[in-house]
Amino acid sequence: MDTDRIIDQLHIYEKKVLKAFEDSDRPLKPEEIAESQEMDIKSVMSAVGALESRGFVRVIKDVQEYVSLTDDGRVYAEEGLPERRLIEVLAGEGELDVSELAERAGLDRKESGIGIGWLMRKGWAKIDDGRVSPVQEGTPGRGADEELLQILLRGPVRPDELDDRLRAAYRDLAGRKGIIDIRKVKSHTIELTPEGRRLLERGVEIVEEATQLTHEHLKTGKWRELHYRGYNVDAEYPMVYPGKMHPLRRIINEIRSIFLALGFTESRGPVVESAFWNFDCLFQPQDHAAREMQDTFYVKNPPFAQLPTDDLVGRVQSVHEDGGSTGSEGWQYEWDVDVARQSVLRTHTTCVSARFLTENRPPLKMFSVGRVFRRETITYKHLPEFHQVEGIVAGEDVNFRNLLGILREFYRKLGFRVRFRPAYFPYTYLSTECEIYLPDKKSWIELGGAGMFRPEVLEPLGVETPVAAFGLGIERLAMIRLDIRDIRQLYQSDLGWLRKLPVTGDLQL
């Protein structure tokens, strides 16, 4: 290593700490360094920390226990422990009732109980049918615990300095609450390492350093005479973990920014929805498997939701039963309004599209992003709660080819190549599934569905123009973008993983 360069980079306080060891081959206390170098303790410890990180000194930490008397302990040392006061009364009386013994000794009920317990434990007395009597004549000699109390009267002691007999007494007193106080005192000793000694032998000079340049220095040219501390531009730096947006939120914002840039309007809807908006108005029959308890979360409170106008409800009923005026035969069953009133956690965001169409007239372009809920078993690729992005485009000239073009552009902006294959959905026709290509796996993966809303959906809503619709699960997209195999990782707050993710220019929309 370049010793001269290292010495030049040392702070003046670090140099002073090293200089303190010039005339000493032994470890030094921080107070000794502070006194010899005319520094305050805080500056010494700061410099020692810097030197230790570079291997020039070693900090030896020591913790010592000190035992002292509490206020109650001082009273016991001066007046005697409860058992000593009890045995002194018994020695003069021979045998006494428990309550009378406590009164004679001047002890309250609690102290008396403790004292009698220790009388039995020390073998000084016995109790029979509520009466206490001494085991031997006279008073027993002073025990080790009482000797230790007298020692502590003179001041704190260290347990490791006591002999075995007094150390056992210390443990007994420590088990009796409120008699002794145990305090831990930390101390530090600074030791020079061989690397630090080599620096010192090379020669450490204390020179006042310039910490900043002033206008006066530059104007007078005095800056040429100043000594500047060297800086190591190759020094290691600490890892910094700045606050940043969660990756799933970042991807959601990216999706929002794409649709807003394409001229779409964003909309939102309630999480607790009626079965009418979630299923019925989307031409999903009331005996469809998706409505079963195994697939949908039904809400107990409120058990029923408010339906829209009787006119709209009637048109939806007519479409379900016989197709209404759409030319369809419908589902050929008796539609039940009570089933439509059931409250559910929405299973998709398409209900937001249906509501939007009743409140806005084409031409229009709308998208929504929100949480949806399905009774899924939690696995590495399924969750009962996840995000979905939904969108519709409505207008006189909108067709299936327009829908494919919009989706192709959307996926292109996300960085994917997309292809389409035919599919079936209850409320769209024509219908397609969108698949994106993963170059590293050399395979295609399904990432969303789309299609043209059926007349059975549009006619009850009063929409006379074609409507293209699409939906996409965001968590699956996030797994691909973040290269993770388990969907649960998005919600487990793994700080190690989150910290390693790069900070990007998050869009705050």
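The chat below goes through a sheet, the cysteines and a cavity.

Modeller: Before you start, this is a predicted model, in which local features need pLDDT of at least 70, side-chain atom pairs count only at pLDDT 80 or more, and totals for chains, interfaces and linings use all residues. Residues are numbered from 1 along each chain as its sequence is written, and side-chain values use heavy atoms, with hydrogens and water left out.

Biologist: Fine. In what order do the strands of the open sheet come?

Modeller: The order is E2-E4-E3, with antiparallel pairing. Strands (E, at least two residues) and helices (H or I, at least four) are DSSP runs, numbered from the N terminus. Two strands pair if DSSP finds at least two bridges between them.

Biologist: Which strands stand at the edges?

Modeller: E2 (96-97) and E3 do; each has a single partner strand, so one side of each has no neighbour in the sheet. E2 is joined to E4 by 2 bridges, and Asp97 is opposite Arg131 in E4.

Biologist: Which helix packs on the sheet?

Modeller: Helix H6 (residues 82-93) touches E2, E3 and E4, and its direction makes about 80° with that of E4. Contact means heavy atoms within 4.5 Å. Axes are lines fitted to C-alpha atoms, for helices over the stretch in contact, and angles run from 0 to 180 degrees between N-to-C directions.

Biologist: Where is Asp129?

Modeller: Asp129 is in the loop between strand E3 (125-128) and strand E4 (131-134). Asp129 is exposed, at 76% relative accessible area. Exposed means over 50%, buried under 20% and partly exposed in between, with a 1.4 Å probe and protein chains only.

Biologist: New topic. How many disulfides are there?

Modeller: The count is 0, where a disulfide is a pair of cysteine sulfur atoms within 2.5 Å. For Cys281, the nearest cysteine sulfur is that of Cys351, 7.9 Å away.

Biologist: What lines the largest cavity?

Modeller: Cys434 is one of the lining residues, which also include Leu407, Phe410 and Phe470. A cavity is a set of points on a 1 Å grid over the protein atoms alone where a 1.4 Å probe fits but cannot get out, and lining residues have an atom within 4 Å of a point.

Biologist: Which helix and strand supply at least two residues each to that lining?

Modeller: Helix H18 (400-414) and strand E14 (467-473).

Note on methods: On a 1 Å grid over the protein atoms alone, a cavity is a set of points where a 1.4 Å probe fits but cannot get out, and a pocket is an open set with protein on both sides within 12 Å along at least five of seven lines; lining residues have an atom within 4 Å of a point.
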